[in-house]
Amino acid sequence: MMSRKIALAGFAAALLLPALALAQQVSQERIINGLGKLQGAAPIVDVELLRQEAMNGSGKQMSGLPNWSKVARLPQMVVEIDFANDSVAIEPESYRTLGMIADALHHPNLWAYKFLVVGHTSSTGTDQHNLDLSQQRAEAIKEILSTTFAVDASRLYAVGVGEYFPIEGSKSEAANNRRVQLYNLGVFTRKP
């Protein structure tokens with residue numbers, strides 16, 4: 001009987017550990033440290049060129065595209081933001097993560113930078129649908145950060161890349177490819 005209770009407790013702990021690890025992965029401190037490690041002068045990035053390269057670079061690695069290779073060298077953070085299926089509606093449980101991101105962007109170590117919000121999707125829809133959906137999701141994140149959390153909208157740029165850059169080693173239709181990346185563009189702004 002006692003060994004059965006221990007086995008059940010171990011099983012319950014094994015189920016909880018991934019959830020606890022995920023909850024510990026995103027923190028304001030981790031966001032600040034991840035996005036604040038800008039080394040040297042940041043390259044000039046044209047968001048429209050990034051969008052065009054994403055559309056034309058299907059099947060290529062992000063780092064192999066000229067403008068995306070510049071972005072890949074910038075401090076970045078990948079966060080999981082849950083959206084309703086095939087929608088731009090952000091699930092309520094993701095607002096905590098968005099709040100931590102906003103708090104980090106208001107932190108003195110990051111307040112002077114501009115950021116690129118990159119939306120990704122899995123490959124479950126058509127190429128064009130996924131590209132449009134990822135752009136709408138990136139813009140939804142930008143809008144929530146600027147309206148709900150008072151991050152200056154002029155500090156945020158949104159670009160969607162659809163299914164074109166799946167996580168290496170994952171299946172393109174996998175749910176973990178539905179993600180958002182933040183990049184520190186290294187462009188200073190004046191504090192209001």
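At what angle do the axes of helix α2 and helix α5 cross? They cross at roughly 50° and come within 9 Å. The model is predicted: local features need pLDDT of at least 70, side-chain atom pairs count only at pLDDT 80 or more, and totals for chains, interfaces and linings use all residues. Residues are numbered from 1 along each chain as its sequence is written, and side-chain values use heavy atoms, without hydrogens and water.

**View 1. Helix α2 (residues 28-35) against helix α5 (residues 95-106).** Helices are DSSP runs (H or I, at least four residues) numbered from the N terminus; axes are lines fitted to C-alpha atoms over the stretch in contact, with angles from 0 to 180 degrees between N-to-C directions. Q28, I31, I32 and L35 of α2 are in contact with M100, I101, D103, A104 and L105 of α5 (heavy atoms within 4.5 Å).

**View 2. Helix α5 against helix α6 (residues 127-147).** Their axes lie 10 Å apart, at an angle of about 65°. From α5, Y95, L98, I101, A102 and L105 meet I141, I144 and L145 of α6.

**View 3. The largest cavity.** About 50 Å³ of space lies in the largest cavity, and the structure holds one cavity of 30 Å³ or more. A cavity is a set of points on a 1 Å grid over the protein atoms alone where a 1.4 Å probe fits but cannot get out; lining residues have an atom within 4 Å of a point. Volume is the space filled by probe spheres set on the points, which are joined across faces, edges and corners. The lining consists of I81, F83, G119, H120, R137, R178, R179 and V180.

Methods: 1 Å grid on protein atoms, 1.4 Å probe; cavity = no way out; pocket = protein on both sides within 12 Å on 5 of 7 lines; lining within 4 Å. Helix = DSSP H or I, 4+ residues; strand = E, 2+ residues; numbered from the N terminus.
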